[in-house]
Amino acid sequence: MLAFLDEMADQLDKNATKNGDFHNIPAPKNHLKNILRKIAINKWQHKWTTGETGRPVFNIIPKVSTNPVSWSREQILFTTGHGAFPNYLKWFKLHNSDLCACGKIGTPFHFATFCHLTSAFQFTKTREDLTSILWQNLLDNKLSRLKISRLMSFLIEHEDLNKFQQDQNKVTNSDSSSDSETVSLHPTSQHV
């Protein structure tokens, strides 16, 4: 039925632009709006389901909706994987490695479940096949969203800590042969 209405609307549009024909369709305006809304949402859902981008968010919110989610900035950064995560920073060449200071790949999932640097903010570890259900439940729970916000605030405040530890290993390895030069690796030191 919707395909027929879609084709009929396309044909009426062509006739109106070519011939100046205008047709009056015997249906209430709100009924036509609802049909067009359903068509648009179905197309959007199909593109969201078959698309290649936004997969971390798709795993949490597989169904499209015109109602916005009530997430804070930190929760959005966490869900999308954008922000102070080494794997995201390396993608844009803002970090020399995608590894966390503990040696594992620095993803949101890693910081929220495994990393010893963020143990105060961690959630219970789950099986790999239950990860998307875990994230859906966490983002539906007000206390879990608060914990995610605190984790993101911690990661944003301590972003340089991860970079410092990786850069320290790099400088130590490359300068181990020459003892003539002293390098200050204190994170608060300023280079001129």
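Mentor: Begin with how elements are assigned: helices (H or I, at least four residues) and strands (E, at least two) are DSSP runs, numbered from the N terminus. The model is predicted, so local features need pLDDT of at least 70 and side-chain atom pairs count only at pLDDT 80 or more, while totals for chains, interfaces and linings use all residues. Residues are numbered from 1 along each chain as its sequence is written, and side-chain values use heavy atoms, with hydrogens and water left out.

Trainee: How many helices and strands are there in the chain?

Mentor: The chain has 9 helices and 0 strands.

Trainee: What share of the residues in the chain is buried?

Mentor: A residue is buried under 20% relative accessible area, exposed over 50% and partly exposed in between (1.4 Å probe, protein chains only). Of the 192 residues here, 23% are buried.

Trainee: Which residues make the nonpolar surface patch?

Mentor: A patch is built from residues with over 30% relative accessible area and no salt bridge; like charges are joined within 9 Å, and nonpolar side chains (Val, Leu, Ile, Met, Phe, Trp, Tyr) within 5 Å. A salt bridge means a side-chain nitrogen of Lys or Arg within 4 Å of a carboxyl oxygen of Asp or Glu. Areas come from the Shrake-Rupley method with a 1.4 Å probe, and for residues only the protein chains shown count as cover. In this model Trp 91, Phe 92 and Leu 94 make a nonpolar patch of about 410 Å².

Trainee: Where does Leu 94 lie?

Mentor: Leu 94 is in the loop between α5 (86–91) and α6 (108–113). With a relative accessible area of 54%, Leu 94 counts as exposed.

Trainee: How is a pair of aromatic rings described?

Mentor: Two values are used, the distance of the centres and the angle of the planes. Rings of Phe, Tyr and Trp (its six-membered ring) pair if their centres lie within 6.5 Å; planes under 30 degrees apart are stacked, over 60 edge-to-face, and the rest tilted. By this rule the count is 6 aromatic pairs. Tyr 88 and Phe 92 form an edge-to-face pair, 5.1 Å centre to centre with 65 degrees between the planes. Tyr 88 is partly exposed at 24% relative accessible area, and Phe 92 is partly exposed at 47%. Phe 109 and Phe 114 are also edge-to-face, at 5.5 Å and 70 degrees. Phe 109 is buried at 17%, whereas Phe 114 is partly exposed at 44%. Elsewhere, ring pairs link Phe 78, Phe 85 and Phe 111 into a cluster.

Trainee: Which ring does the charged end of Arg 55 sit over?

Mentor: The test is that NZ of Lys or CZ of Arg is within 6 Å of the ring centre and within 35 degrees of the ring normal. Arg 55 places its charged end over the ring of Trp 48, 5.3 Å from the centre. Lys 147 lies over the face of Phe 123, at 4.9 Å from the ring centre.

Trainee: What do the buried residues of α4 pack against?

Mentor: Contact means heavy atoms within 4.5 Å. The buried residues of α4 (73–80) are Gln 75, Leu 77, Phe 78 and Thr 79. They pack against α3 (55–60), α6, α7 (131–140) and α8 (142–157). Just after α4, Gly 81 has a positive phi of about 80 degrees.

Trainee: Is Ser 144 buried or exposed?

Mentor: Ser 144, in helix α8, is buried at 11% relative accessible area. Leaving aside residues up to four places away in sequence, Ser 144 touches Phe 123 and Leu 138.
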